[in-house]
Amino acid sequence: MAMPVMVNAAANSPVTNNEGEGFTFLFQGDSITDGNRSRDQDWNHVLGDSYVHLIASRLWYDHPSKGFHFFNRGVSGNKITDMAQRWQADTIAIKPNLVTILIGVNDVQSALGGNASATAIAFENDYRALLTQTKEQIPDVEFVICEPFILPVGKVKDNWDKFQQEMIGRQEVAKIIATEFNAVFLPLQHIFNDALERAPAEYWIWDGIHPMPAGHEMIAREWIKQVGRKFRFIRS
C-alpha cells in the first residue's frame, strides 16, 4: 500500500488565523468514498471522484493559508469488519484531526446475502470498537459519522422492503454512535429523500447505492454545512 500522501497547500503563505492550521481530514468507508481513487501520488486521481474530492477542492481553494491535509482511504466493497482489519495502517498511522466515516451498505448486502453474523448489533459493536480504539490512540481526534443511505433504483428497488429493513438498523447505529462519541452526524438518508422532490431517484443515485455526480455534490454540501457548525474555521 502506498504511503499516505500529504501536502501543505501553502507552506510559505502568511497565516492570518491559525485556527485549524495544518488540520488533517481523513475519509473512510466503502466504494462511495473510494470513488475509484488511485493508490499512488497521482494528484489527478489520488482523492478519487467522490464527495471527498469535492470537499477537498472547496476547502483547499477557500483556505490556501491553512495548509490542510486530505486523505481518502475508502475501499470499494468494504464492510465494517473489512475496515477494522486495515484501521491501524489506514487511520491510526495517519493521526488525523477529523475522521469522516461512511459505511454500512455492504453490511446490508451481506445480511441480505445470507450472512447470519452480519447483524445490526454486530455492526454497532464493531463500529464502537473502532472509534474507541481511535480515541485511545489519538485522544483529540474528532469524528463525522455519515448515515448510510439507499434509494429505490435497480436491484435495491426490486428488494426495497428487505433493503429498508436492514438499512434502518444500520442508520440507527450511526445515530447512536454519533451521539455517544459527540460526533458530527450527517443525515444523508434524509437529504436524499428530500431531493426526490427536485428530481427522480435515478438523478441522485444511479443504482440505488452509488451516487450520481449530483448526489456526491449533495453529500459534499451537507458535510461542509454540518462540519462547519462545529469547526468554524472551514467556513468561507
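**View 1. His 53 is partly exposed, with a relative accessible area of 33%.** On this scale, buried means under 20% relative accessible area, exposed means over 50%, and partly exposed lies in between, using a 1.4 Å probe and protein chains only. The model shown here and in the views below is predicted, with local features needing pLDDT of at least 70 and side-chain atom pairs counting only at pLDDT 80 or more, while totals for chains, interfaces and linings use all residues. Residues are numbered from 1 along each chain as its sequence is written, and side-chain values use heavy atoms, with hydrogens and water left out. You will find His 53 in helix α2, residues 51-62; helices (H or I, at least four residues) and strands (E, at least two) are DSSP runs numbered from the N terminus. Not counting residues up to four places away in sequence, His 53 touches Leu 47 and Gly 48, where contact means heavy atoms within 4.5 Å. Glu 21 lies 32 residues from His 53 along the chain, and 20 Å separates their C-alpha atoms.

**View 2. Arg 170 sits in helix α8, residues 160-180.** Here we turn to a charged side chain that is buried, at a relative accessible area of 1%. Its side chain joins that of Glu 166 through a polar contact of 2.5 Å. For a polar contact, a pair of N or O atoms must be within 3.5 Å; within protein, one must be able to donate a hydrogen and the other to accept it, and residues adjacent in sequence count only if both atoms are side-chain atoms. Leaving out residues up to four places away in sequence, the residues that Arg 170 touches include Gly 104, Asp 107, Val 108 and Ala 111, as well as Phe 123 and Pro 148. Ala 118, Thr 119 and Ala 120 are also among the residues it touches.

**View 3. Helices α5 (residues 105-112) and α8 cross at roughly 130°, and their axes come within 9 Å.** The axes are lines fitted to C-alpha atoms, for helices over the stretch in contact, and angles run from 0 to 180 degrees between N-to-C directions. This angle is why α5 and α8 count as oblique to each other: under 35 degrees is roughly parallel, over 145 roughly antiparallel, 65 to 115 roughly perpendicular, and the rest oblique. On the α5 side the contact is made by Val 105, Asp 107, Val 108, Gln 109, Ala 111 and Leu 112, and on the α8 side by Lys 162, Phe 163, Glu 166, Met 167 and Arg 170. By class, this contact has 6 nonpolar, 1 polar and 4 charged residues. Ala, Val, Leu, Ile, Met, Phe, Trp, Tyr, Cys and Pro count as nonpolar, Asp, Glu, Lys and Arg as charged, and the others, Gly among them, as polar.

**View 4. Helix α5 is mostly covered, with 6 of its 8 residues buried.** The buried residues of α5 are Val 105, Asn 106, Asp 107, Val 108, Ser 110 and Ala 111. They pack against α3 (80-85), α6 and α8. After α5 comes Gly 114, whose phi is positive, near 105°.

**View 5. Helix α6 (residues 120-137) and α8 have axes that come within 9 Å and cross at roughly 30°.** The two helices are therefore roughly parallel to each other, and α6 passes α8 in a right-handed crossing. Ala 120, Phe 123, Glu 124, Tyr 127, Arg 128 and Leu 131 of α6 meet Gly 169, Arg 170, Val 173, Ile 176, Ile 177 and Glu 180 of α8. Sorted by class, the contact holds 7 nonpolar, 1 polar and 4 charged residues.

**View 6. Helices α9 (residues 188-195) and α11 (residues 213-230) cross at roughly 130°, with axes that come within 11 Å.** They are therefore oblique to each other, and the crossing is right-handed. Leu 188, Ile 191, Phe 192 and Ala 195 of α9 make the contact with Gly 215, Met 218, Ile 219 and Glu 222 of α11. These residues divide into 6 nonpolar, 1 polar and 1 charged.

View 7. Asn 36 belongs to the loop between α1 (31-34) and α2, and is exposed at a relative accessible area of 69%. Asn 182 belongs to the loop between α8 and β5 (184-186), and counts as exposed at 55% relative accessibility.

Note on methods: Left-handed = near helix turned anticlockwise from the far one by under 90°.
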